[in-house]
Each structure stands twice: as C-alpha cells, then as structure tokens.
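Visitor: I would like to learn how to read the features of a two-chain model. Please take them one by one.

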Amino acid sequence: MNSRYATWLLMLPGLLWLGLLLVVPCLLVFALIFFERGIYGGIDWQAPTFENVTRAFDPLYLAIFLDSGIIAGIATLIALLVGYPAAYAIAKSPASRQTALLFLAILPFWTNYLIRTYAWIVLLNPVGLINSLLMGLGLRSQPLALLYNKPAVVLGLVYSYTPFVILAIYSALQRLDPSYGEASRDLGASAFQTFLRITLPLTAPGVAAGGVFVFVLSIGNFVTPDLLGGGKFQMVGNLIYDQFLSARDWPFGAALSALLIGLMMLLLFAQAIASLRARGDHARA
Amino acid sequence: MKFKPLLSLAAAALMFTAGWSPAFAEKLVISNWDGYMPKDMAEKFKAATGIDLEIAVHATNEEIMGKVTASGGEGYDVLFVSSPFAEALNNLGLLAPIDHAKIPNLANLYPEANELKHDPGNAFSVPYTWGTTGLCYRSDLVKSAPTSWNDLLTPADDLKGKITMLSTDRWLMAAGFLADGLSVNTTDQADLDKVRDQLISAKRNLLAYDDTTFYSKLVSGEALMVQAWDGWCNYGITDQPQIKYVIPKEGSDLWADTMVITKASKNPEAAAKFIDFVLNADNGKWVVENIMYKSPNKAGMEAVDKSLFEKYPNMAITPAELLKYEQLRDLGNGMKAFSKTVSEVMAAK
C-alpha cells in the first residue's frame, strides 16, 4: 500500500506539470477550433462552426503538410545515417573515453539555437566564408547557391537534431548484451552479418526513437525554414505561426495545430507499438 | 544569523506593500519595440513627473496584439503599435480615447499628423513615427537605377537572385498592389489572384524574404536591391554611402507607428502625461537622429541638424508628400481571403 502511495506522490509534480502546462493548454486550443475568427481578430464565441476543420483539409494546406513531411523525412534519414555510425563508434570505444565523446556530441546544445543557425548563414551566404574561399582560390567565378534553398533547410535540421539520434542509438547499443554478438560470430557469421541480423534489429527501438524525435522536431520547426530557407519554403510550423500571429486567425491556427498534433500522435503510437514488439521478440529470443 | 529569516520576511512584506498598493507611488506600464525610444526614458520621465515607468518590450505588432487581445489590455497602460493594429484594437473596444486637453504637446505635431486616415483627429492614437516603403539599392552595383515596383517583381537579369522582399504579409502583397495601381487594402478576389500570380513569378528571382536583415545583405553585397522601409534603408546608408532609396513611380504606402492608451489602464492621467512627455521636442529629435525615421513631431524634426537630411534624403520627405500615399488599414473580414493568398504565394515552388 505504502509503496503505491509513494509512486503516486513521486509522480505528482510531473503529472501536475504535464496537466497544467500541456493538457489544459492543448484542450483550450482544441476548443477554439469550433469558433469563428472575430472581424478584428480575437474569437467570435457566438458562432460555432466546423469551417476551420474543412478548411484545414484544403489541398493548399495539405500540400504544405506533405512538403514539410518530405523535408522532415529527408532530414530524419540523413540524421540516422550520420548518427548511427557515430553512436556505434562511441559505444565501441573504451569506456573511459565514452563520456568525453558523448559530451562532445551534445556540446552544441550549450549554445543558443539561433546563434548556431546564424553561424550557418555566415558560412554559407553568397559572400560568406565558403564562397569567399572558393572564389579566392579561383575554383569558382560565381558564388555557389548554398543558402536560402531546401538543402540548406535540411542541413540546418540535420545539424540541430543529429545529437538526439546519437544519444538514442547509443543507449540502445549500451543495453545490447555483447554475448549475442559473440555467439553470432562463434557460429560463423561475418561481422557484417552480425551487424545486420543481430545488432541492427536489436537497436531498432533506439533508431525509431531517435528518428521520431528528429521528424517531430523538424516538421514543427519554423525558425530554420525562415533563416536558412530565406522564408521561401513554408513548413507547417510557419503556417501555424502565421495564422496565430499575422492573420490573427486563432481558430484556424488551432485547427492546423490539431491536425499536426494528431499526425504526430499517430506516429508516436506507431513507434511505441514497434518498440514494444521489438522488445517482446527480444524477450522471447 | 538568527535574524536573517526575520529580515527577509520584513523585506518581503515591504516589497509586497510597495508593489501592490498603487496609492504610494504612481506607476505606468508601457510596451514598445526594443530600442524604439531613448534608453533613459524611465529615469527622465520619473524626474519630470515623479511617475514610475515600467517598460515591457515586444518584438512585433502581432506579439503585443496577441497579449493584449488575450488579456483585454489588462496590465498595460500605453502601447506602441503600427496604425492598422491601433485601428483593430480600437475596433475591439480595447482603447481609451485620447484626451487632447491633457496632452498640450500635441501642438508639436505637424497639422498633417491629425489627418491620418486610420484615425482622423487622433481620437484613439497619437502618431510617433511615419514613413514610406520603397526600394533600397546599391547604386554602384546595379546597371540601371530602379524606378518602378515592376523592377522588383520582374527584375533585370543582373538583379536576379539578388533581391529580397519584405516577409511581413501586408507589405509583401503591397508591392504587387502598388505595381498594378490597386489599393493596398484591396481584398477583392480578382485583385488577390492577380497579385498572387505576380508574386509567385517574382519569388523565383528572390534571394530571400527578409524583414530584419535586408539592409545588411545590401551592405555585404549579397543583395543588390531590397524592398525596404525608408528608415531601415538609412541604416544601410550609414555603412555604405552608395546605397540609395527610391519611392517607385507608382507610389508607396504611408505607414505610421502610434501610441495608444488601453481602456484597461488604471491610470489614464499618467498615461496622458507619458504621451505628452514623449511628444516633447527633445524626444522627437532623438527619434529622428537615432531610429532614422521621420517623425510627425514638427518641433523634433526642426531641432535636428539639417546635414542629416542631406545624408539621408528620404528623411526630407515632407508630411504633405507622405499624405499622398494610402495607409495600410485593418482588413477586417477580408483578412481570411488575404491570408489564404499569402499562403498560396508562400507554398508555391
């Protein structure tokens, strides 16, 4: 009995935090969906409507969702391809060095996100460091278009979120019992076969967790498309931001937010199922 | 050591009474853009009137608008906002009328400053700065100087990829409306569609949409021509004298940033005193010399050293000239169609 009370008591601050600062505000936002923007902004509480929901499914906005999904998807894929080998290398390095390497991986977070993004602008802009160097060495006569395009947005997202992938996969690799690998090799599998058939499947939950992290953070990001994309590519985050602030259409902004949250919930749900299944297989194995 | 808790309790009690009983000292809360008035404003105002000034900062009109509409204006006495936002706040019933009898320094304003279309006679807002939106360009690097909004929308070959447009939706669309000789406040679907198509084709030649660092892109040479507010072009001219500003032949909008008093203000008397203080010649002069915007404050403009107007010619645009241009107005119910059009431009490839 006592321990059950203790569990609830320990969870209380966390539950209150989530309840007051996440659940309640989300419910408030959802409530807005069914009302009309007032003539001068604000909310017209007199006229309940479904218009915002149907408007959110307008092909124009769905196309923006799809485009953001593609950008976030590409960023996720690249972050995984960069992050997995890095996490693997850290996990395989001597224990004494692992802490230092992990520390290096999360070091960028010690600097403000905006400053790091502006640093990329300094590097990539048409008269920036890289282009000045290329033109100074006579390798290019015209500057390369490195900034204010989609690849620059993807680069910014990958750069910002890869550390999450490294951490997630590293912790999955840590949990991996080394005896599985040894058994596999004893039975004659090559290192590559062992990786493909033992290591990778068993660390899949870490890959999924890291991937979902990058995807969710990327699709809602509105700063990077603005700064590195030069505002020329609208992602869902920008669209929602503009509805709340520029258009002062809170109900429609709320409808778009709900759609985004719904999609993300589905994704997280799928990831949870996948990781449960992987663990189940693991237990049976 | 033993006294410490007692002492801090006493201190807390003192702070409590000082902070929570307005009877002891008058206090005023204002919100302004960062750096948009003298840094020592609070000290000077306190010295002149004995009223404490608490200064909050907002980054954009939209931000303060969101705060004020959510709280009904509670917690703020005076706000600095652009005219379409002053108009919307007034329409929402959140503003107090300006009592002209309590603000004698209104006499410092140009007569034209009483004729702004969003609020003729300054019934609920008092103009603080005003100006135009046009083209800011590197006269040393462009082959021919721009004269028309079409030079921005369908640029010459040497300018392609070296142009920025303002990302704030109303001004972005205004470039198209002005090019076509339309009202900058139209929400007629045919007008919106026409300008949408123009802006989508213009987008292909843009370096970026930018309303915060465009002048530094001009200084570095990243951009050769940018859509700019006149005062911001002056920041570029300070660093690179070859930068020039032109109002295209089709005209400009007239923008005005204003001061308003909230209806929720507990202390409208002190709020009026603050506006009166801001309108003195010294503060008017500070605005012109430091923000490099034109001021509707005649006394302030006349106090400025005339050489400034030679270096920054757009500062010499007269109030009569300004009034020829149409102001951006709140779009009301037209905002939905407008913002959908902006999304269409933004989503276009």
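Guide: We can begin with the contact between the chains. 21 residues of chain A are in contact with 28 residues of chain B, where contact means that C-beta atoms, placed from the backbone, lie within 7 Å. This is a predicted model, in which local features need pLDDT of at least 70, side-chain atom pairs count only at pLDDT 80 or more, and totals for chains, interfaces and linings use all residues. Residues are numbered from 1 along each chain as its sequence is written, and chains are lettered from A and ligands numbered from 1 in the order in which they are written.

Visitor: Which helix gives the most to the side of chain A that touches chain B?

Guide: Helix α3 (residues 59-92) of chain A does, with 3 residues. Helices (H or I, at least four residues) and strands (E, at least two) are DSSP runs, numbered from the N terminus. By class, that side of chain A has 11 nonpolar, 7 polar and 3 charged residues. Here Ala, Val, Leu, Ile, Met, Phe, Trp, Tyr, Cys and Pro count as nonpolar, Asp, Glu, Lys and Arg as charged, and the others, Gly among them, as polar.

Visitor: How many helices and strands does chain A have?

Guide: Chain A has 13 helices and 2 strands. Its C-alpha trace spans about 75 × 75 × 35 Å along the principal axes. Of its 285 residues, 33% count as buried, that is, with 20 or more other C-beta atoms within 10 Å of their own C-beta, placed from the backbone.

Visitor: What describes two packed helices?

Guide: The angle between their axes and the distance between the axes. In chain A, the axes of helix α8 (residues 178-186) and helix α9 (residues 191-202) come within 10 Å and cross at roughly 145°. Axes are lines fitted to C-alpha atoms, for helices over the stretch in contact, and angles run from 0 to 180 degrees between N-to-C directions. Tyr180(A), Gly181(A), Ser184(A) and Arg185(A) in α8(A) meet Thr194(A), Ile198(A) and Thr199(A) in α9(A). This contact has 2 nonpolar, 4 polar and 1 charged residues.

Visitor: Which residues touch the most other members of the largest nonpolar core?

Guide: A nonpolar core is a set of buried Ala, Val, Leu, Ile, Met, Phe, Trp, Tyr and Cys residues joined through C-beta atoms within 7 Å. In the largest one, of 122 residues, they are Ile169(A), Cys136(B), Ala175(B) and Met225(B). Helix α7 (residues 150-175) of chain A gives the most to this core, with 15 residues.

Visitor: Why does this core lie between the two domains of chain B?

Guide: Because domain 1 (25-130 + 255-325) and domain 2 (131-254 + 327-347) of chain B both give residues to the core. The domain bounds come from an automatic or database domain assignment. Apart from this core lies another, of 35 residues, among them Val78(B), Ile103(B), Met259(B) and Val278(B).

Visitor: How is the contact between the domains read?

Guide: The C-alpha centres of domain 1 and domain 2 of chain B lie 26 Å apart. The contact takes 23 residues from domain 1 of chain B and 18 residues from domain 2 of chain B. On the side of domain 1 that touches domain 2, α4(B) gives the most, with 5 residues. That side has 14 nonpolar, 5 polar and 4 charged residues.

How values were computed: Contact = placed C-beta atoms within 7 Å. Buried ≥ 20, exposed ≤ 12 C-beta atoms within 10 Å, placed from the backbone.
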